Amino acid sequence: MINITMPNVDVSITKQINPQLSNIYGFTDFHLIPRDYGGIFMFYNDQDELLFVGKARKLRPRIKKHFEDTVSDIKLHRDEVTRIDVSLIESPVHREIYETYIINELKSKYNVDKVMFR
């Protein structure tokens, strides 16, 4: 049996209410997310329910794309996201394993690929 544990959260940003600075859907702290590192990201709502899990070779551009893209898996649910957690994971194989594990262990609401619990 393989024992997988949740990766450490390296960066966590939260949605601001009435942000004074430039923002994307209320998030003003995208600069805290590394631009040139790989890892996984998790979108949560205000009840700490996991909405979506993704992986990226370059985190910041990929996460921002979910809020700007017209084909994003969460395009209809962007307003629900109130927290973004990021774990830095450089290995593509490890990112794949963690993403699949988290989607199924925490039963991510809007992931449709890699789901084994439905």
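Okay, let's start with a contact: glutamate 99 and lysine 114 make a salt bridge, with their closest N and O atoms 2.4 Å apart. By salt bridge I mean a side-chain nitrogen of Lys or Arg within 4 Å of a carboxyl oxygen of Asp or Glu. Glutamate 99 sits in helix H2 and lysine 114 in the segment after H2, so this pair ties together parts 15 residues apart in sequence. Helices (H or I, at least four residues) and strands (E, at least two) are DSSP runs, numbered from the N terminus.

Before I go on, the ground rules. This is a predicted model, where local features need pLDDT of at least 70 and side-chain atom pairs count only at pLDDT 80 or more, while totals for chains, interfaces and linings use all residues. Residues are numbered from 1 along each chain as its sequence is written, and side-chain values use heavy atoms, with hydrogens and water left out.

Back to that pair: is glutamate 99 buried or exposed? Buried, at 7% relative accessibility. Lysine 114 is partly exposed, at 27%. The cut-offs are under 20% relative accessible area for buried, over 50% for exposed, and partly exposed in between, with a 1.4 Å probe and protein chains only.

Now, who else is in on this? Lys55, Glu96, Glu99 and Lys114 are linked in a network of salt bridges. Within it, glutamate 96 bridges to lysine 55, with the closest N and O atoms 3.3 Å apart. That one runs from helix H2 to strand E3, so it ties together parts 41 residues apart in sequence. Both ends are partly exposed, glutamate 96 with a relative accessible area of 32% and lysine 55 with 29%.

The structure holds eight salt bridges, and here's one more. Lysine 109 pairs with glutamate 49, the closest N and O atoms being 3.8 Å apart. It links distant parts of the chain, 60 residues apart: lysine 109 is in the segment after helix H2 (92-105), and glutamate 49 is in the loop between strand E2 (39-44) and strand E3 (50-56). Lysine 109 comes out at 35% relative accessible area, glutamate 49 at 34%.

On to pockets. Rolling a probe the size of a water molecule over the atoms shows where empty space is left. Here a pocket is an open set of points on a 1 Å grid over the protein atoms alone, where a 1.4 Å probe fits, with protein on both sides within 12 Å along at least five of seven lines; lining residues have an atom within 4 Å of a point.

The largest pocket has a volume of about 170 Å³.

As for the record, UniProt lists residues 36-112 as "domain: GIY-YIG", in an unreviewed entry. In the model, the end C-alpha atoms of that span lie 27 Å apart, and the span is 31% helix and 25% strand.

Last stop, strand E1 (residues 11-14). Val11 and Ile13 make up its covered face, Ser12 and Thr14 its uncovered one. E1 pairs with strand E4 (residues 83-88) in the antiparallel sense over four bridges; two strands pair if DSSP finds at least two bridges between them. Serine 12 stands opposite aspartate 85 in E4. That's my tour, thanks.

How values were computed. Grid points are joined across faces, edges and corners, and a volume is the space filled by probe spheres set on the points. UniProt positions are given in the numbering used here, feature names are shortened, and annotations may be inferred rather than shown by experiment.
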